[in-house]
Amino acid sequence: MTNFEKLAELLFPNITKTPDYYEELYPQRNLPEGARVSRFSPSPTGYLHFGGLYAATAAKLNSTATNGRFYLRIEDTDKKREVEGGVSAIVDGLNYFGITTDEGVCGENEEKGSYGPYTQSKRVEIYQTFAKSLVLQGMAYPCFCSAEALDEIRAAQEQEDIKGYYGKYAKCRDLSFEEIKANIEAGKAWTLRLKSPGSVDGKIKFEDLIKGKIEMAENVIDIVLLKTDGVPTYHFAHAVDDHLMRTTHVIRGDEWIASVPLHIQLFKVLGFRPVKYAHIAPILKEDNGGKRKLSKRKDPEAAVSYYIEQGFPKESVSEYIFTILNSNFEDWRRANKDADLSSFPFNLKKMSVSGALFDMVKLLDVSKNVISTMKAEKVFALSYEWAKAYHPQLASLYEKDTERATAILNIDRENKKPRKDIAKWNDIPDYISYMYDETFTPCYELNGNATPQLAADVLEKYMDAVNLSDDKDTWFARIKELCEPLGCTANVKEFKQNPDAFRGHVGDVSTIIRVALTGRTNTPDLYSITALLGEETVKARLKAALKYYKEEA
């Protein structure tokens, strides 16, 4: 038995399987030629970040465009950073925005698919099997350096270009089998390190699918593969997992570019074919004239839960993500107004190299457009579900009369130029507040040519003329008939030509009625509002407004 064999048995006496066992257990996928397998692999350390949703969307599109597979892997080897409910937050966030997976983690302690476990903490035996194989090949060794010893190495390297555990600083690299055995028998804790085959002068070249050709220095650091508790580091675990799960494309943040030389080295020493990498630039935000990363600490909109709580429909957020995902999306959308997002020809090469800019104003505009195209029944159903969770008062108002609530949401909706007042469900309570006595707040401020005296005169006449059984043309004809006796004109053009001849025009008369009934100068169709308010409410509000204006006149 060679020293490497003796060392492997000393370090991993309980590992009896071989890499070949797992190669057979997780065979190559039976997919069409050119099909891509991508994953989203967050750590359960808190909420799902908007940047994570962005990356997950790109990874899913990368797979579905080629009839490949997209899976969710949870990287939870760092238990100190794990947050209770973190997995559910990730899964629920993805599901809410329609990022469905073909396999992988699908809930707390729930998985689907043939390449699991998809939770890294459940795969420790697999990692240790491949670690043992590296020891057998002389490509890994135990390190007994204490935290203090490692601090001393870092201090000694302050003036050096390369910093880390390598070369003369790799104190445990050349320990004999006898020394290692004595340390272990003495109860010394150890980590397993890679015996890096890289050279200080070596270079590595790779093609990033977003950023293009990149050349970097080879990795020379003997990085830790397994920590003292036998759990792998991210670097080692991701190489083993991406190989066994037969991943072809890894789409991740560009903060990982610095690790690519190490990761490709790991694939090679393990005998794996390297994956293809696509590194996404971070989502940026304008701040004090500059740009910075969208921050978990500073920006509430960094959390995907923010969009759910505010009531952004998933369709709106998805549409917005596509606008920053590919530079040609908006041109495509203009040419394909009603097309489903799934038909967009997504391309990794058209992603931003420098970083997409998050723009809340644009998101609100996109969402207004999306919601304006929805049928009233859908707006009601989605906003009702949101209200039950986040706005009990709105849910209660809806429940009084669901048909009336739907009709309210349908005002000025299903026509050639629908209004775009609603960007998120959280806008609805204020938007429709004047339609319910419980939430109506009178406001009698006027604009245009309207004065309190004209308002009093208009309302006095209108109270006698209003008839809720009128059709729209008859209703408007009655308003126009009020004009002349009140010294106004039913012709706006005529007023503009000779404003001194009139107290106002038909628009002013309509505004006075609108303000009396809604407390606002700008609302959807006034005829529809009047009909849905009902005769009792209309008469009561007109009477209250008339009293106010008489006192003000």
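Me: How many aromatic pairs does the structure hold?

Reply: Rings of Phe, Tyr and Trp (for Trp, the six-membered ring) pair if their centres lie within 6.5 Å; planes under 30 degrees apart count as stacked, over 60 as edge-to-face, and the rest as tilted. The structure holds 31 aromatic pairs. In one of them, the ring centres of Phe-130 and Phe-272 are 5.6 Å apart and the planes stand at 70 degrees, so this pair is edge-to-face. This is a predicted model, in which local features need pLDDT of at least 70 and side-chain atom pairs count only at pLDDT 80 or more, while totals for chains, interfaces and linings use all residues. Residues are numbered from 1 along each chain as its sequence is written, and side-chain values use heavy atoms, with hydrogens and water left out.

Me: Which parts does the pair of Phe-130 and Phe-272 tie together?

Reply: Helices (H or I, at least four residues) and strands (E, at least two) are DSSP runs, numbered from the N terminus. Phe-130 lies in helix H5 (residues 124–136) and Phe-272 in the loop between H9 and E11, so the pair ties together parts that are 142 residues apart in sequence. Both rings also belong to one aromatic cluster, formed by Tyr-21, Tyr-22, Tyr-26, Tyr-115, Phe-130, Phe-267 and Phe-272.

Me: Are Phe-130 and Phe-272 buried or exposed?

Reply: A residue is buried under 20% relative accessible area, exposed over 50%, and partly exposed in between (1.4 Å probe, protein chains only). Phe-130 and Phe-272 are buried. For Phe-322 and Phe-329, the ring centres are 5.4 Å apart and the planes stand at 55 degrees, so that pair is tilted. Phe-322 and Phe-329 are buried as well.

Me: In which sense do E10 and strand E11 pair?

Reply: Two strands pair if DSSP finds at least two bridges between them. E10 and E11 (residues 276–280) pair in the parallel sense, over 5 bridges. Between these strands the chain passes through helix H9 (residues 260–269), and this β-α-β crossover is right-handed: with the strands pointing away from the viewer, the path from the first strand over the helix to the second runs clockwise. Strand E10 (residues 249–253) has 4 of its 5 residues buried.

Me: What is Asp-242 in contact with?

Reply: Contact means heavy atoms within 4.5 Å. Leaving aside neighbours within four places in sequence, Asp-242 is in contact with Arg-39, Tyr-71, Arg-73, Thr-247, Val-250, Phe-267 and Val-275. Asp-242 is part of helix H8 (residues 234–244), and its relative accessibility is 1%, so Asp-242 counts as buried.

Me: Which residues of H23 are buried?

Reply: They are Thr-537, Val-538, Arg-541, Leu-542, Ala-545, Leu-546 and Tyr-549. These residues cover an arc of only 160 degrees around the axis, which puts them on the same side of H23; the arc is that of the directions from the helix axis to the C-beta atoms. They pack against helix H18 (452–465), helix H21 (506–518) and helix H22 (526–533). The face turned away from the buried side carries the exposed residues Glu-536, Lys-543, Lys-547 and Glu-551.

Me: Where is Asn-67, a residue other than glycine with a positive phi?

Reply: Asn-67, whose phi is near 55 degrees, lies in the loop between helix H3 (50–64) and strand E2 (69–72). Its relative accessibility is 58%, so Asn-67 counts as exposed.
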